[in-house]
Amino acid sequence: MLQRKTFDAGFRAELAQLLTWRRDVRLFRTDPLPGGTVERLVQAACLAPSVGLSQPWRFVLVDETTRRAALRRVFETCNAAALAGYSGDKAERYARLKLAGLETAPSQFAVFCDRSVAQGHGLGRKTMPETLDYSVVLAIHTLWLAARAEGLGLGWLSILDPSEIVSALDTPDSWHFIGYFCLGYPAADDDTPALERAGWEQRCDPESVILRR
């Protein structure tokens, strides 16, 4: 029998705090994570909605020193190219930004979308196949919130060449790279995005993103 679950005002207030204090973390402590932490967070991620109940997310835990070193070289190359695309004040600001936690984060993993997944039998994605990728992003955000609730920080590293990542991690051809992540205990907590604190950008007014018809 279906049951209706309700959440009280106290829970909703704490959820709002969780959303407010979730940050894209770049500065980590080097403390190792307790055994099973990543696996438990992946379990939470698997509760995310997915198109046709396809669950196309695939997590690649990157522990090998040589693979981590290769990924760091990919970032350094891509970051240098990105810096070259700016000039003047923007270039100076970009050069000062902390954009990766590869040096200190105790856990690192890549997330892929298996675009050949048979689960779900194609339901909901025949006209919009990109919903498979969207489903993976929802799983990532679910993991992000679960990690923050445990006092952990997550950083999404996007300054990477996807083809180089695929090569370094030797993943199946049908897996589409979504993102690379650093996970660990944050060096400090903050309720304001780091890019806003650094003067790179500011959050917009939520009303400005609503179009009424």
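Author: Leaving out residues up to four places away in sequence, Leu61 touches Val38, Glu39, Gln108 and Phe109. The model in which these contacts are found is a predicted one.

Asp114 has a relative accessible area of 10%, so it counts as buried, the limit being under 20%. Its side chain makes a polar contact, at 3.2 Å, with the side chain of Ser174. Ser174 is also one of the residues that Asp114 touches once those up to four places away in sequence are set aside, the others being Pro56, Arg58, Leu132 and Trp175.

From there one can turn to the loop between helix 6 (162-169) and strand 4 (175-184), where Thr171 lies. Thr171, with 10% relative accessibility, is buried, and apart from its neighbours within four places in sequence it is in contact with Val60, Phe112 and Val166. Asp170 is found in the loop between helix 6 and strand 4 as well, but Asp170 is exposed, because its relative accessible area of 65% is over the 50% limit. The backbone of Asp170 has a phi near 55°, which is a positive value in a residue other than glycine.

A positive phi, about 55°, is also found at His121, again although this residue is not a glycine. His121 lies in the loop between strand 2 and helix 5, the latter comprising residues 131-149, and with a relative accessible area of 74% His121 is exposed.

The protein has seven helices and four strands, and from the N terminus on they follow one another as α-α-β-α-α-β-α-β-α-β-α. Among the contacts between residues at least 6 apart in sequence, 84% join residues that are at least 24 apart.

As for overall dimensions, the C-alpha trace spans about 60 × 45 × 45 Å along its principal axes. The radius of gyration is 19 Å, which agrees with the value near 17 Å that a compact globule of 213 residues would have. Of these 213 residues, buried ones make up 37%.

The surface and the charges complete the picture. The protein exposes about 13000 Å², and carbon and sulfur atoms supply 55% of that area. There are 25 positive and 26 negative side chains, and the centres of these two sets lie 4 Å apart.

Definitions and conventions: Residues are numbered from 1 along each chain as its sequence is written. This is a predicted model: local features need pLDDT of at least 70, side-chain atom pairs count only at pLDDT 80 or more; totals for chains, interfaces and linings use all residues. Side-chain values use heavy atoms; hydrogens and water are left out. Buried means under 20% relative accessible area, exposed over 50%, partly exposed in between (1.4 Å probe, protein chains only). A polar contact is a pair of N or O atoms within 3.5 Å; within protein, one must be able to donate a hydrogen and the other to accept it, and residues adjacent in sequence count only if both atoms are side-chain atoms. Contact means heavy atoms within 4.5 Å. Helices (H or I, at least four residues) and strands (E, at least two) are DSSP runs, numbered from the N terminus. The radius of gyration is taken over C-alpha atoms; the globule rule is 2.2 Å times the number of residues to the power 0.38. Accessible areas come from the Shrake-Rupley method with a 1.4 Å probe; for residues, only the protein chains shown count as cover. Lys and Arg count as positive and Asp and Glu as negative; His and the chain ends are not counted. The place of a charge is taken as NZ of Lys, CZ of Arg, CG of Asp or CD of Glu.
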